[in-house]
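Trainee: Before we discuss the ligand sites, could you show me the model and take me through the terms as they come up?

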Amino acid sequence: MRIVLVGPPGAGKGTQAAYLAKNLSIPHISTGDLFRANISQGTDLGKEAKSYMDAGNLVPDSVTIAMAEDRLDQDDAGQGFLLDGFPRNLGQAEALDGYLKDKGVKLDAVLDLEVPEDEVVKRIAGRRICRNDSSHVFHVDYHKPKTEGVCDICGGDLYQREDDREATVRKRLEVYHTETEPIIDHYKAQDLVVTIPALGKVDEVTRRAMAALGKGE
Ligand code: ADP
Ligand code: AMP
């Protein structure tokens with residue numbers, strides 16, 4: 001399946017993507033994780049992206065679209081993918097439409113995670129991620145690691161993302177409303193959007209998501 005996940009920062013996209021990708025045997029592609037990996041490796045791309053990310057702004061399309069398409073070109077994405085955090089504005093959505101058209105394939109669904117803003121703020125405030133791999137995600141109250149500050153998956157240090165601090169979070173939510181939300185109407189026009197409530201336990205949300213994708217038990 002070819003799926004795009006949308007929802008505000010902190011909605012649980014990365015958390016759900018880990019389970020959905022495993023259940024559906026498709027790669028989880030997060031542009032935020034790709035940028036963070038570039039930052040920790042000190043690449044030119046990472047250096048360019050960092051100032052935008054720290055300010056809560058989108059990284060320019062010229063950089064982001066090329067990075068996403070490079071990742072989609074890899075063999076493991078040939079039979080399907082779960083995109084998380086891309087596309088994030090109309091220009092990126094149109095670029096993805098063109099990319100898929102050239103390949104002769106189509107999206108199967110755009111899964112929209114709906115979470116009230118006060119819950120999103122609580123989720124982001126308590127989020128801790130792993131220094132080794134930013135797809136290893138925990139929460140100080142809702143998803144505690146077995147040992148405080150240590151990743152259950154790989155033993156790496158857990159830390160708070162620079163852009164998860166309060167002032168930046170407000171900016172990121174504003175950017176979500178002004179730049180990202182319009183892609184939902186873009187995909188509604190293609191009859192691709194399925195919206196699910198993303199409140200409740202992680203495994204309940206996964207069950208709702210699988211059912212919405214027509215893969216429920
Ligand atoms: P996104 O990728 O949409 O920004 P994440 O998957 O990183 O969001 O989740 C944000 C935070 O909320 C993380 O700390 C995660 O552990 C926590 N979280 C995710 N899903 C739930 C849930 N269903 N209930 C409570 N907390 C959750
Ligand atoms: P995320 O991990 O999805 O919360 O993304 C973290 C940050 O990375 C965002 O606030 C942006 O600065 C940047 N980013 C991630 N994906 C994109 C994208 N598709 N377009 C532009 N910037 C992005």
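Mentor: Let us start with the word "near": a residue is near a molecule if one of its heavy atoms lies within 4 Å of it. This is a predicted model, and by that cut-off 16 residues are found around ligand 2, with Thr-31, Arg-36, Asn-57, Gly-85 and Gln-92 coming nearest.

Trainee: What makes the pair between Arg-36 and ligand 2 a polar contact?

Mentor: A polar contact needs a pair of N or O atoms within 3.5 Å. A polar side-chain atom of Arg-36 lies 2.8 Å from an oxygen atom of ligand 2, and 2.8 Å is within the cut-off, so the pair is a polar contact. Two other pairs can be set against the cut-off of 3.5 Å: an N or O atom in the side chain of Arg-88 is 3.0 Å from an oxygen atom of ligand 2, and a polar backbone atom of Val-59 is 3.0 Å from a nitrogen atom of ligand 2. The protein covers 96% of the 480 Å² of accessible area that ligand 2 has on its own.

Trainee: Which element gives the most to the shell around ligand 2, and how do the residues of that shell divide by class?

Mentor: The element is α2, with 4 residues, and the shell divides into 5 nonpolar, 6 polar and 5 charged residues.

Trainee: What makes Arg-36 a lining residue of the second largest pocket?

Mentor: A lining residue has an atom within 4 Å of a grid point of the pocket. The second largest pocket has 26 such residues, and Arg-36 is listed with Ala-37, Ile-39, Ser-134 and Tyr-159 as lying nearest its centre. Two or more lining residues come from each of β2 (28-30), α2 (31-41) and α3 (44-54), and α2 gives the most, with 7 residues. The space in this pocket is about 540 Å³, and its lining has 7 nonpolar, 8 polar and 11 charged residues.

Trainee: How do you know that Arg-127 makes a polar contact with ligand 1?

Mentor: A polar side-chain atom of Arg-127 lies 2.6 Å from an oxygen atom of ligand 1, which is within 3.5 Å, and therefore the pair counts as a polar contact. Backbone atoms take part too: a polar backbone atom of Gly-200 is 2.8 Å from a nitrogen atom of ligand 1, while a polar backbone atom of Gly-12 is 3.0 Å from an oxygen atom of ligand 1. Taken alone, ligand 1 exposes 570 Å², of which the protein buries 93%.

Trainee: Which residues are closest to ligand 1, and which elements each supply at least two residues of its shell?

Mentor: Of the 18 residues that surround ligand 1, the closest are Lys-13, Thr-15, Arg-127, Phe-138 and Gly-200. The elements are α1 (13-24) and β6 (137-139), and by class the shell has 7 nonpolar, 7 polar and 4 charged residues.

Trainee: How do you know that β5 and β6 are paired?

Mentor: Two strands pair if there are at least two bridges between them. Arg-127 has His-139 as its bridge partner in β6.

Trainee: Why are β6 and β7 called edge strands?

Mentor: The open sheet has 3 strands in the order β6-β5-β7, with antiparallel pairing. Both β6 and β7 (158-159) pair on one side only, and are edge strands.

Trainee: What is the peptide bond from Phe-86 to Pro-87, cis or trans?

Mentor: That bond is cis, with omega near -5°, and Pro-87 has its place in the loop between β3 (81-84) and α5 (90-103). Another backbone angle to note is the phi of Ser-25, near 55°, a positive value in a residue other than glycine; Ser-25 lies in the loop between α1 and β2.

Technical notes: Residues numbered from 1 in each chain as written. Chains lettered and ligands numbered in written order. Predicted model: local features only at pLDDT ≥ 70, side-chain atom pairs only at ≥ 80, totals over all residues. Heavy atoms only, no water. 1 Å grid on protein atoms, 1.4 Å probe; cavity = no way out; pocket = protein on both sides within 12 Å on 5 of 7 lines; lining within 4 Å. Points joined across faces, edges and corners; volume = space filled by probe spheres on them. Nonpolar A, V, L, I, M, F, W, Y, C, P; charged D, E, K, R; others polar. Polar contact = N/O pair within 3.5 Å; in protein donor to acceptor, adjacent residues only side chain to side chain. Areas by Shrake-Rupley, 256 points an atom, 1.4 Å probe, with all protein chains shown as cover.
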